[in-house]
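Subject: Structure handover and findings

Hello,

Here is the structure I said I would pass on. My notes on what was found in it follow below.

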Amino acid sequence: MSAGIKRKGFLVMMKFFQKLGKSLMLPVACLPVCGILMGIGYILAPAAMAGEVQGFTAGGLAYSIGLFLIKAGGALIDNMSWLFAVGVAVGMADDSDGTAGLAGLVSMYMITTLLSPGAVAGITGHEAAPAFGKIVNQFVGILSGLIGSACYNKYKTVKLPDALAFFSGKRSVAIVTAVVSIVVSVVLLFVWPIIFGALVALGNGIAKMDAIGAGIYAFLNRLLIPTGLHHALNNVFWFD
């Protein structure tokens, strides 16, 4: 009996992770166009790769067009965490409704605002840990998407008393998401520096192992492919 329960639990967990992996493909699908735009841009404006600013007069038309394309690609790369918040929320929703994406965005705004360095310093009365300077990241984006989709799936059909009937159903999702995100922010206020430190230590530790580290990364990457979570692992090494 216990073996059957464990097997059922394992299958449910695998189904959840596979759905999460599939939802990660929504924001990841934006990366090819970013690569194309930035690749062409750096061909036209190679000086931009070194951080040189030449302007139209010094660099000419090719440089200006190249820099324009680089900035266009960077607009998505630099905001991948927000794309993950919306993409994961929509992908994990029972019916892929846009309301879930809005809820994911609400959660992301709540968490990143409440845990910004200025807010943390004001709340605690002490200078914020360096980890809060990196609170806008793909990990928090995925977490926000999960919060938004969970609140949507649970409260999309909720019925409130007549006096509050306007907020029934999907209109209640954003409100519930905001409340849940506040609670999550309180937890992350204490936990995030530990998680951030662990992620940085993991990334740096494997990177310093050269060929062996590359092998470990490739092994973990392949191991996570069946669930689609290799994209979450890639974010640790590709971005922050």
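Leaving out residues up to four places away in sequence, Phe132 touches Leu115, Pro117, Val120, Leu188, Leu189, Trp192 and Pro193. Please keep in mind throughout that the model is predicted.

Phe132 is a member of the largest nonpolar core, which has 18 residues; those touching the most other members are Ile111, Leu115, Val120, Phe132 and Trp192. Helices H4, H5, H7 and H8 (171-207) each contribute at least two residues to this core. H8 gives the largest share, 5 residues. Apart from this core lies another, of 9 residues, including Leu20, Val28, Leu31 and Ile142. In general, nonpolar side chains in soluble globular proteins tend to be buried together.

Val120 deserves a separate entry. Val120 sits in helix H6 (residues 117-124). It counts as buried because its relative accessibility is 3%, where the cut-off is under 20%. Beyond the neighbours within four places in sequence, Val120 is in contact with Leu114, Leu115, Gly125, His126, Ala128, Phe132 and Leu189. With Leu189 the separation is 69 residues in sequence, while the C-alpha to C-alpha distance is 7.8 Å.

On the chain as a whole: it has 10 helices and 0 strands, so its pattern along the sequence reads α-α-α-α-α-α-α-α-α-α. The chain has 240 residues, of which 35% count as buried. Taking contacts between residues at least 6 apart in sequence, 69% join residues at least 24 apart.

Next, the helix pairs.

H5 and H8. The two pack at an angle of about 35°, and their axes are 9 Å apart. The crossing is right-handed. From H5, the contact involves Thr99, Ala103, Val106, Ser107, Met110, Ile111 and Leu114; from H8, it involves Val173, Ala174, Thr177, Ala178, Ser181, Ile182, Val184, Ser185 and Leu188. By class, these residues divide into 11 nonpolar, 5 polar and no charged.

Ser107 is among the H5 residues in that contact. Helix H5 covers residues 98-114, and Ser107 lies in it. Is Ser107 buried or exposed? Its relative accessibility is 0%, and therefore Ser107 counts as buried. Leaving aside neighbours within four places in sequence, Ser107 is in contact with Ser144, Ile147, Thr177 and Ser181.

H7 and H8. Here the packing angle is about 145°, with the axes 10 Å apart. H7 passes H8 in a right-handed crossing. H7 brings Phe139, Leu143, Ile147, Gly148, Cys151, Tyr152 and Tyr155 to the contact, and H8 brings Ser172, Val173, Val176, Thr177, Val180, Ser181, Val184, Leu188, Trp192 and Ile195. The division by class is 13 nonpolar, 4 polar and no charged.

H4 and H7. The axes of H4 (residues 80-92) and H7 (residues 138-155) come within 7 Å and cross at roughly 30°. That angle is why H4 counts as roughly parallel to H7. The crossing of H4 and H7 is right-handed. On the H4 side the contact is made by Met80, Ser81, Phe84, Ala85, Val88, Ala89 and Met92, and on the H7 side by Gln138, Gly141, Ile142, Ser144, Gly145, Leu146, Ser149 and Asn153. This contact has 8 nonpolar, 7 polar and no charged residues.

One of the H4 residues there is Ser81. Which residues does Ser81 touch, not counting those up to four places away in sequence? They are Met108, Val136, Asn137, Gln138 and Gly141. Ser81 counts as buried because its relative accessibility is 3%.

Regards

Note on methods:
Residues are numbered from 1 along each chain as its sequence is written. This is a predicted model: local features need pLDDT of at least 70, side-chain atom pairs count only at pLDDT 80 or more; totals for chains, interfaces and linings use all residues. Side-chain values use heavy atoms; hydrogens and water are left out. Helices (H or I, at least four residues) and strands (E, at least two) are DSSP runs, numbered from the N terminus. Buried means under 20% relative accessible area, exposed over 50%, partly exposed in between (1.4 Å probe, protein chains only). Contact means heavy atoms within 4.5 Å. Axes are lines fitted to C-alpha atoms, for helices over the stretch in contact, and angles run from 0 to 180 degrees between N-to-C directions. Angles under 35 degrees count as roughly parallel, over 145 as roughly antiparallel, 65 to 115 as roughly perpendicular and the rest as oblique. A crossing is left-handed if the near helix is turned anticlockwise from the far one by less than a right angle, and right-handed if clockwise. Ala, Val, Leu, Ile, Met, Phe, Trp, Tyr, Cys and Pro count as nonpolar, Asp, Glu, Lys and Arg as charged, and the others, Gly among them, as polar. A nonpolar core is a set of buried Ala, Val, Leu, Ile, Met, Phe, Trp, Tyr and Cys residues joined through side-chain atoms within 4.5 Å.
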